[in-house]
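Biologist: I am new to this structure. Could you take me through how some of its helices pack, and then turn to a pocket?

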Amino acid sequence: MAFFSRAISSFFAVLLLAIVTEARNIENSKNVGFVRTRGAHFVLNGSPFLFNGFNSYWLMHVAAEPTERYKVSEVFKEASAAGLSVCRTWAFSDGGDAALQISPGVYDERVLQGLDFVISEARKYGIRLILSFVNNYKDFGGRSQYAQWAKNAGIQNINSEDDFYTHPVLKDYYKNHVKKIVTRVNTMTRIAYRDDSTIMAWELINEPRCNADYSGKTVNGWVQEMASFVKSLDNKHLLEIGMEGFYGDSMPEKKQINPGFQVGTDFISSHLIKEIDFATIHAYTDQWLSGQSDDAQATFMQRWMTSHWQDSRTILKKPLVLAEFGKSSKDPGYNQNARDTFMSLVYRNVYNFAKAGGTMGGSLVWQLVAQGMDNFDDGYSIMLAQNPSTAGLISGQSHAMTTLAHLVNSPNLGQVHGRHTQGVGHHPLGMGHHRFGR
């Protein structure tokens, strides 16, 4: 009898283990598909995908040193606990100290393995990655490093970093780097990057700008060429440009929306390129409107987001992501309450736009860091464990966006996601900055 009881117990233990394992597998399988677009919406495994996310540009740089990788794990763990499901980070570091690409086509395998770890760890915590191929600025090399490499090689007619967009040698350097990253096989997961659904999207360049041509046409031509090239290597992943959202010559009447200056890009024409799957905007009102009041900055932010959401909906017919925003602790008169108020405004807008007909897929705050990373603090850094009010805001937005995605997928679709949406001005969690203290 005892043997029979033990056998029955063992059977049920095995059955329970099988059920638990199967449940986990089902849960994980929900996340293994590639994020795709359907019209102006993101979808995952056929269901609406709305997200709250973050930037952490430093992940590969830090993970190149194995003893420092715990910082990557810490940020992913905290982010996952706060419901953050998308992270944007650099897949570049050109020339200089601890470079990924030491010189054209010459790579440090240690740094590549750091990127392998970042992707593997993101997969573990259920976080999707947006990986950027090159920087507009000199930080981590950027366009100027590409130009310098060509000069060092004795290439003629390299006059400025803007030649990055037009000179065939510089364009080949860039294409070779893209191919190196996209076709790499991860040494930890054994999955080629182009086959890994942990990666949500590729980004052509972080914040393209061009002083030589303010019309946007030079950058536009480059985007068309490079978007086609990326898609020829990988048609599974989404692709975006990395733009800030400045309007250009294709719709000159919209230039008044810009913050008083041009950067040589055209939000409309470049995002109409068919190989580009979704639009992005960035917003740094404290830099762009430096010295202006918080109210003036909030007014600009409202207009900036509204204009791009409407254009993405009606002209581009593609999803929109607010891919960088933040408020610097180095601003004159900064306090935590000012940052939380600004983030509340942004999050409320993102939610309301997503609710009122979709198109707005989510936002990525700049930026999360781990504890002990004060040397990476650019003023915008957020340590979730040390900023409970901000962490509460972030968690609230994550929950709101996830809940909205489920509502959009419900039979009551028209009530939530239609032209006649009621109560669009109300975030379900209020988003008041005093409500989320731990």
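Biologist: Which residues in α6 meet which residues in α7?
Modeller: This is a predicted model, where local features need pLDDT of at least 70, side-chain atom pairs count only at pLDDT 80 or more, and totals for chains, interfaces and linings use all residues. Residues are numbered from 1 along each chain as its sequence is written, and side-chain values use heavy atoms, with hydrogens and water left out. From α6, Lys 171, Tyr 174, Lys 175, Val 178, Lys 179 and Val 182 meet Trp 222, Glu 225, Met 226, Phe 229, Val 230 and Leu 233 of α7. Contact means heavy atoms within 4.5 Å, and helices are DSSP runs (H or I, at least four residues) numbered from the N terminus.

Biologist: How does that contact divide by class?
Modeller: The contact of α6 with α7 has eight nonpolar, no polar and four charged residues. Ala, Val, Leu, Ile, Met, Phe, Trp, Tyr, Cys and Pro count as nonpolar, Asp, Glu, Lys and Arg as charged, and the others, Gly among them, as polar.

Biologist: At what angle do α6 and α7 pack?
Modeller: The angle is about 30°, and the axes of α6 and α7 (residues 217-233) are 10 Å apart. That makes α6 roughly parallel to α7. Axes are lines fitted to C-alpha atoms, for helices over the stretch in contact, and angles run from 0 to 180 degrees between N-to-C directions. Angles under 35 degrees count as roughly parallel, over 145 as roughly antiparallel, 65 to 115 as roughly perpendicular and the rest as oblique.

Biologist: And α5 with α6, at what angle do their axes cross?
Modeller: The axes of α5 (residues 142-152) and α6 (residues 168-182) cross at roughly 120° and come within 10 Å. The two helices are therefore oblique to each other. Tyr 146, Ala 147, Trp 149 and Ala 150 in α5 meet Val 169, Leu 170, Tyr 173, Tyr 174 and His 177 in α6. Eight residues of this contact are nonpolar, one is polar and none is charged.

Biologist: Changing topic, how much space lies in the second largest pocket?
Modeller: About 370 Å³ lies there. Its lining has 17 residues, and the closest to the pocket's centre are Tyr 137, Asp 139, Asn 206, Glu 324 and Trp 366. A pocket is an open set of points on a 1 Å grid over the protein atoms alone where a 1.4 Å probe fits, with protein on both sides within 12 Å along at least five of seven lines; lining residues have an atom within 4 Å of a point. The volume is the space filled by probe spheres set on the points.

Biologist: How do the lining residues divide?
Modeller: The lining of the second largest pocket has eight nonpolar, three polar and six charged residues.
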